[in-house]
Amino acid sequence: MRRARRRPAGPDTKGPEGKRTKAQNLGGASAQVENSSLQKTPASEDGGEALSSYWLMKSEPDSRLEKGVDVKFSIEDLQAQPRQTTCWDGVRNYQARNFLRAMRLDEEAFFYHSNCREPGIAGLMKIVKEAYPDHTQFEKNSPHYDSSSKEDNPKWSMVDVQFVRMMRRFIPLAELRAHHEAHKASGGPLKNMALFTRQRLSVQRLTREEFDFILSLEEKEPS
């Protein structure tokens, strides 16, 4: 099973700080939707302003081998999973991990294609299982193996996500950046969007205003 992870690159991501991963299908586990949280982190600890129900999560849509494993995982790959559901593993940044631990069932997230020719928002998914230990931290052949993490006190968490739909049109990074720059001057909803203020994070919190504005872009032709 191929495993994807998030490595920021280009203008939307810098350096190795927020690696996301592929989602490996876990059989029965990925089909479950029960609450199985691990060490939930309050919003006050992760730097967020207020608890939010909206997210942006990055994944690489193009093939790239790391330790012999293809880390590719696109929204099409998610859609092709059994029950269109899989785990979101491989996050190795503490703030991104804390965001995973703050997620709740049925919260919505944009699926963002990163580290590719045209980064941007490809579709929507939702959280169907809350945070639990990321199995890849214990797998020595995994690109995400962490020898310092112990099974009785795991460092890293993951959630299960389920495909909701494709965006009616792909929303490219360049278009989002243009709105961000305009909104910095006008006070619009994307003025403080983490995609530009915390570029390295592979899991990012969105405000309701940011989420709604991005959805509204689906109905507009890019300028």
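**View 1. The whole chain, seen from its surface.** In this predicted model, the protein chain has an accessible surface of about 9700 Å². Carbon and sulfur atoms own 48% of that surface. Now for what's tucked away: of the chain's 223 residues, 55% count as buried.

**View 2. The parts list and how it folds together.** Count along the protein chain and you'll find seven helices and eight strands. Who touches whom? Take the contacts in the protein chain with a separation of 6 or more: 75% of them come from residues 24 or more positions apart.

**View 3. Strand β5 under cover.** Let's zoom in on β5, which spans residues 108-113.

**View 4. β5 alongside β1.** Strand β1 takes in residues 54-59, and it pairs with β5 in the parallel sense. Six bridges make up this pairing. To get your bearings, look for Y54, which stands opposite E108 in β5.

**View 5. β5 alongside β6.** Here's another partner for β5: strand β6, residues 120-133. These two run antiparallel, joined by six bridges. A handy place to start is H113, whose bridge partner in β6 is G120.

**View 6. The turn in the hairpin.** Follow the chain from β5 to β6 and you pass through six residues that sit between the strands of this hairpin. Which residue here takes a positive phi? That's N115, with a value near 55 degrees.

Key:
Residues numbered from 1 in each chain as written. Predicted model: local features only at pLDDT ≥ 70, side-chain atom pairs only at ≥ 80, totals over all residues. Heavy atoms only, no water. Helix = DSSP H or I, 4+ residues; strand = E, 2+ residues; numbered from the N terminus. Buried < 20%, exposed > 50% of the residue type's maximum accessible area, 1.4 Å probe, protein only. Contact = heavy atoms within 4.5 Å. Areas by Shrake-Rupley, 256 points an atom, 1.4 Å probe, with all protein chains shown as cover. Pairing = 2+ DSSP bridges.
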